[in-house]
Amino acid sequence: MSSDSAGAPPENFLSETELQKLAQMRFPRRRAEWLLGRWTAKRLLAAVEGRDPRAWQVENEADGQPYVQADGERLPGCLSISHRSGQAVCAWTSAPGVALGIDLERIEPRSPAFVRDYFTAAEQVLIAGAARERDAVLVWSAKEAMLKALGRGLRLDTRAVEVLRIANHEEVAGWRGLTVHCPARSELDWWAGWRLAGNFLVTLAVCGQDLDPSTLQVQELRA
Ligand SMILES: CC(C)(COP(=O)(O)OP(=O)(O)OC[C@H]1O[C@@H](n2cnc3c(N)ncnc32)[C@H](O)[C@@H]1OP(=O)(O)O)[C@@H](O)C(=O)NCCC(=O)NCCS
């Protein structure tokens, strides 16, 4: 895992098609976050796969899921991106049959109505302790990471995935553990973890067979 403060990203790392996409984005905040997400993803790809960042194209499926192309060919693997408030995180794995999702959230209060609407009954009990404000954000973030790993995002009901346990100490390579499951996809094994980054939380959810979290590649950047 690497973490970095990189300043505003340059635009010259973008491929031709990415430059065209950027030119169509009208809202400055969306432009800045998209650009930082691409920059973070390409820094990670360049670090683990080699090559000039302009050789990669980070595209999105129709449903929003990101993927990587090089020389017109899709790079086998799974990429996930999250960006918020001048920060971005991304994760990549080239392990066959493994999917992942990463999410970045600011720690801030969530209303009781939000928790009631989006969390399962077990999650509502799980977050009722002393760290309630943090844990509500943590459970939400883990759910988003899982929904990204499933490739569907918020098109799926947020209660289709569930956080069962939150560990408060480090378990694997800087990540504190989360026990999660998706009852409708019982064939999937899951590994999930979280960590604090200042006033933000990062969660990572990985699903597939024979998961080995130590092989995951994660990059965090702040603009
Ligand atoms: C994916 C989603 C959960 C991300 O939520 P978010 O907290 O707003 O944003 P994040 O910064 O954490 O993540 C954004 C990234 O998620 C990724 N993403 C989008 N849809 C995805 C999907 N179906 N599967 C996996 N990843 C996805 C993209 O890489 C996106 O960044 P990019 O557009 O710059 O490439 C959410 O945007 C979503 O589900 N969107 C699709 C459904 C939708 O638009 N619903 C309307 C709102 S209810």
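**Exercise 1.** State into which domains the protein is divided, and how far apart their centres lie.

*Solution.* Begin with the division itself: the protein consists of domain 1 (2-77) and domain 2 (98-222), with bounds that come from an automatic or database domain assignment. Then take the centres over C-alpha atoms, which gives a separation of 24 Å between domain 1 and domain 2. Residues are numbered from 1 along each chain as its sequence is written. This is a predicted model, in which local features need pLDDT of at least 70 and side-chain atom pairs count only at pLDDT 80 or more, while totals for chains, interfaces and linings use all residues.

**Exercise 2.** Work out the strand order of the open sheet of 5 strands, and name its edge strands.

*Solution.* Strands are DSSP runs of E with at least two residues, helices are runs of H or I with at least four, and both are numbered from the N terminus; two strands pair if DSSP finds at least two bridges between them. On this basis the order is β7-β11-β10-β9-β8, with antiparallel pairing. The edge strands, each pairing on one side only, are β7 (98-106) and β8 (162-172). Within the sheet, β9 (residues 175-181) and β10 (residues 189-197) pair over 3 bridges, and leucine 178 stands opposite alanine 192 in β10.

**Exercise 3.** Describe which elements and domains contribute to the shell around the ligand.

*Solution.* A residue belongs to the surroundings if its C-beta atom, placed from the backbone, lies within 6 Å of the molecule; 21 residues surround the ligand, Gly64 and Ser82 being among the closest. At least two residues each come from α2 (28-49), β5 (78-84) and α5, and β5 gives the most, with 5 residues. Finally, domain 1 and domain 2 each supply at least three residues.
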